[in-house]
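Dear colleague,

Please find the structure below, followed by my notes on what was found in it. I would be grateful if you read the two together.

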Protein chains: 6
Amino acid sequence: MSRVVHITRRERFSAAHKLYNSEWTDEKNQEVFGKCANSNWHGHNYELFVTVKSTINPETGFVMDLKSLSDLLKEKIINHLDHKNLNLDTPFMKNIMSSTENICVAIWDEIQPDIEKKGAELVVIKLQETENNFVEYYGE
Amino acid sequence: MSRVVHITRRERFSAAHKLYNSEWTDEKNQEVFGKCANSNWHGHNYELFVTVKSTINPETGFVMDLKSLSDLLKEKIINHLDHKNLNLDTPFMKNIMSSTENICVAIWDEIQPDIEKKGAELVVIKLQETENNFVEYYGE
Amino acid sequence: MSRVVHITRRERFSAAHKLYNSEWTDEKNQEVFGKCANSNWHGHNYELFVTVKSTINPETGFVMDLKSLSDLLKEKIINHLDHKNLNLDTPFMKNIMSSTENICVAIWDEIQPDIEKKGAELVVIKLQETENNFVEYYGE
Amino acid sequence: MSRVVHITRRERFSAAHKLYNSEWTDEKNQEVFGKCANSNWHGHNYELFVTVKSTINPETGFVMDLKSLSDLLKEKIINHLDHKNLNLDTPFMKNIMSSTENICVAIWDEIQPDIEKKGAELVVIKLQETENNFVEYYGE
Amino acid sequence: MSRVVHITRRERFSAAHKLYNSEWTDEKNQEVFGKCANSNWHGHNYELFVTVKSTINPETGFVMDLKSLSDLLKEKIINHLDHKNLNLDTPFMKNIMSSTENICVAIWDEIQPDIEKKGAELVVIKLQETENNFVEYYGE
Amino acid sequence: MSRVVHITRRERFSAAHKLYNSEWTDEKNQEVFGKCANSNWHGHNYELFVTVKSTINPETGFVMDLKSLSDLLKEKIINHLDHKNLNLDTPFMKNIMSSTENICVAIWDEIQPDIEKKGAELVVIKLQETENNFVEYYGE
C-alpha cells in the first residue's frame, strides 16, 4: 500500500520593503498602509514554509530529498529575497505590491513547476511576516 | 487571474476558568475534570489564531486589512476574554462549559457574520490553551 | 446543533536512529543519506502532534478527554520511542527505514483503531524532526 | 580541576490570580492594577526556570540529578500552584500580593534550603508570566 | 527584609537598515559586511528585552509598573525604530553604524536616565536580531 | 568612550549518546541514569549558545565578526558533534561521560583559546538539551 505524506521545509530570509501604491497620493498611501508606507522602507525576518506531498519512495523512505528541496528553495527563492529590498531587488516581485500575500503567491509560481518535475505536488506555501501574522497559498 | 489566499491573525488573552458541570456532584466533577475542576479557578495564557480567506485586492495586495481584522477581534472577542473569568464575565460563554472546544466555537459564532460583511470567508479558529494542546473549529 | 471540532495533543520523544538501506553499498548510502547514514547513529528531539475530530460531548464540552488521549499515546507510542533507538528498539519500526515519513505513518497505523474505538476520528499525525522540517500524514 | 556548572530546569503551571490591595478602595486598585484587578480573577500559563550550580560529580557527569530537582519542584512548588488560585489556594502566598515578583521570591524561599541540602547552590529563580514579561530573583 | 528583583519587558520592532562604512570603498564594504551591505537595504524583526532591578514596593508587589516601563519604551525607543530605516529615520542612530551592538548601546543611553528617575536601576539591554544572534549591553 | 558588549551566536546539532559509567554494573547504571542509559543509545537536537564580549570596533560596529565566530564553531565544534555519536565519534568527548554538563565544559575548552586569539573574551557556553533543561558554563 502506498501512502501519501506531506513534508514541509522551513527557510528564512531578512528583507526590506514598503507598501506603496504609486497611483495614489502620499496621503492615501499613508491612510491605507499606515506605518508600512514609510518612504525609507522597513523590514522583517520572514519565515517560509514549503509543503509538498507524494507517495513514499520505498528505497529511501522519503517523499522527497529535503536537501534537494532546500537547494531548490535557496537557488530560486532565498537568493532573491534574503538581505534584499523586495520592491527594488527581487526580479519576481517587479511591479507587484510587496504584501505578504503577493510574495507568497509569487513564490508558488516560481517553484511549482520545479516541484512537479521532481515528482511531487506542491501543497501550500506559508509565509510568516511577524509572530502575529502569516499567510498561506494553496494554489487556488 | 485572481488568487485566493488565507491570512491568519494571532491575538492573545489571559483568563481564569474552571470546568464544572453543575448537574453533577463534586465527586463526579473531580473524577471527570480532575484538577481543572478546582473550585477556586485556575487560568491560562490563550493564543487565538483567526484564519480568513479571499481573493487579493489588486490595489492593496491585501486579502483583508489586518488592522481592521485585529480591531474587530479586540472589540468583539479579546475585550470580553482578556483578564476575565470565562465562566462569570464573558457574555457569549454564559451557561456554556468553558472547555477550549466551546470557547473556540463561540468565537466563531461571534465573528463569522462580521468577517462575511467585510467580504472575506472565515476558514478556521484555532485556540491554543497550553503548549501541549490546541483545538480548531472549521465551521462544520 | 452539533459542532465538529479538531483537538491536537503534543507529545515529545528523544531517540537515536540512522538512515541506511542494507541492500545498498556504504558508498550509495553515504551518497543518498549523507551525514544521516553515520554508522554510529545520531538522534533528535521529536515533537509529535496528534489531531482527532468529533462532535462535542454536551456534558463535558470535550471532543475527547485529553488525559485519555495522552495516556494512549504514552502507552502505545512514546514508551516505544522515547530514549530508544528507532532502528533497533521499536517494535513497530522493525525492518522499516526510520525516515520521519515512515515513523509518522507507523504511528498512524498503531493508534488509528484505538482512536476510532474512543468514538473520534484520527485526522492527521504531524511529526517534527528539527525546527526546519516536519511531515504530516492524513491517512491517504 | 573541578568545574562549576549551572543547570536549569523548566517547570510549568497554570493558575488564577488577581492583583488587589485590600487596604485600598476599589477605585485605587483599578487605577493601579487596571485589568489585573478584575474581581473575578484572571490567569496565566507560568513558566518557572530554576537554576542551581555546583561542581560536576565525576562519577555521573551531573551537577545535580535533574529528576531529583524536578521531583523537589513538583512536590514543594508545582503541586501548590498548578491549577490553583494563587491568592486563595497556595499556602506560601497567604497574605502576599500575587505579583510575579512576589511569587518568584516565595519560590526561592520555599526551595533554597532543600537545594543546599542536596549539595548545590541556588543561583536564580526566573518566572515568566507572559511572552512579554518575566522576573528573576538572585537571592539579594 | 527587602528583596531586589529583576524584571524584564519585551518589545518588538520591524526596521530596515544596512551596514556600510562611508569611509571605505564599495569593495571593502562588500568584503567586510557581505550581504549586510546591500545598497538597497534589508531588514529584521528585532526583539528588545529591557531588564531593570529594584526592591519590591510592598504596597503593589511591583519592582516597577510594567505599563509605565512599556509606555517609556514605546515613546523613547519603539516610536523611533518600528517601521523605520535605522540609518535614515532614527535620531539617536545618526552617524552611527547600525550594527546590533551599536543599536543596543544607543537604546541604553536613551533610557538609562529615565529608568533611574523612576527609582529603578537599568541592568541590561538585550537585542535579538535573528533567531541565531543577539547582543547584550550591561552598561560597562 | 569604549563600550563592552556581549554577543551570542546560536548553532545546532543533532547527536546520539547514552549515559553509562563503565565501572558500574548495568543495574547501577539503570538506577542512576534510568532511560538515559538505554544500551542502544538515544539522541537529541542540541542548541548551543556561545557568548563572547569585547569593546566595539569603531570601524565596523562589531564586537566580533559573527561569520568568523560561526565558522570557528562549525569547524571546531559542530563538525565533531552534528549527526555523530557523542560517546563514539567525538574526539574531545573521548572517555568523558556525555552529560550535558561535560559536553558544555568540553566545548569551552575547545574554543576558548581561539576566541582569545580573535581579541574577544569567552563569557559563557550554554547548551540546551531539551525544552526543559539546559546548562551553562562560565569558565569557573
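At a relative accessibility of 15%, D:Phe62 counts as buried, the term meaning under 20% relative accessible area, with exposed over 50% and partly exposed in between (1.4 Å probe, protein chains only). F:Phe33 is likewise buried, at 5%. This is a predicted model, in which local features need pLDDT of at least 70 and side-chain atom pairs count only at pLDDT 80 or more, while totals for chains, interfaces and linings use all residues. Residues are numbered from 1 along each chain as its sequence is written, chains are lettered from A and ligands numbered from 1 in the order in which they are written, and side-chain values use heavy atoms, leaving out hydrogens and water.

Aromatic pairs are counted for rings of Phe, Tyr and Trp (its six-membered ring) whose centres lie within 6.5 Å; planes under 30 degrees apart are stacked, over 60 edge-to-face, and the rest tilted. The count comes to 24 aromatic pairs over all chains. One of these joins D:Phe62 to F:Phe33 edge-to-face, at 5.6 Å centre to centre and 85° between the planes. This pair crosses between chains: D:Phe62 sits in the loop between strand S2 (42–55) and helix H2 (66–81) of chain D, and F:Phe33 in helix H1 (residues 26–33) of chain F. Helices (H or I, at least four residues) and strands (E, at least two) are DSSP runs, numbered from the N terminus.

A stacked pair is formed by F:Phe13 and F:Tyr46, with 4.8 Å centre to centre and 15° between the planes. F:Phe13 belongs to strand S1 (residues 4–17) of chain F and F:Tyr46 to strand S2 (residues 42–55) of chain F, so the pair ties together parts 33 residues apart in sequence. Both F:Phe13 and F:Tyr46 are buried.

Turning to helix packing, B:Leu69, B:Leu72, B:Leu73, B:Lys76, B:Ile77 and B:Leu81 in H2(B) meet B:Ile107, B:Glu110, B:Ile111, B:Asp114 and B:Ile115 in H3(B). Contact here means heavy atoms within 4.5 Å.

Finally, two chain pairs may be noted. Chain B and chain E do not touch, their nearest C-alpha atoms being 15 Å apart. Chain A and chain F do not touch either, and their nearest C-alpha atoms are 15 Å apart.

With kind regards
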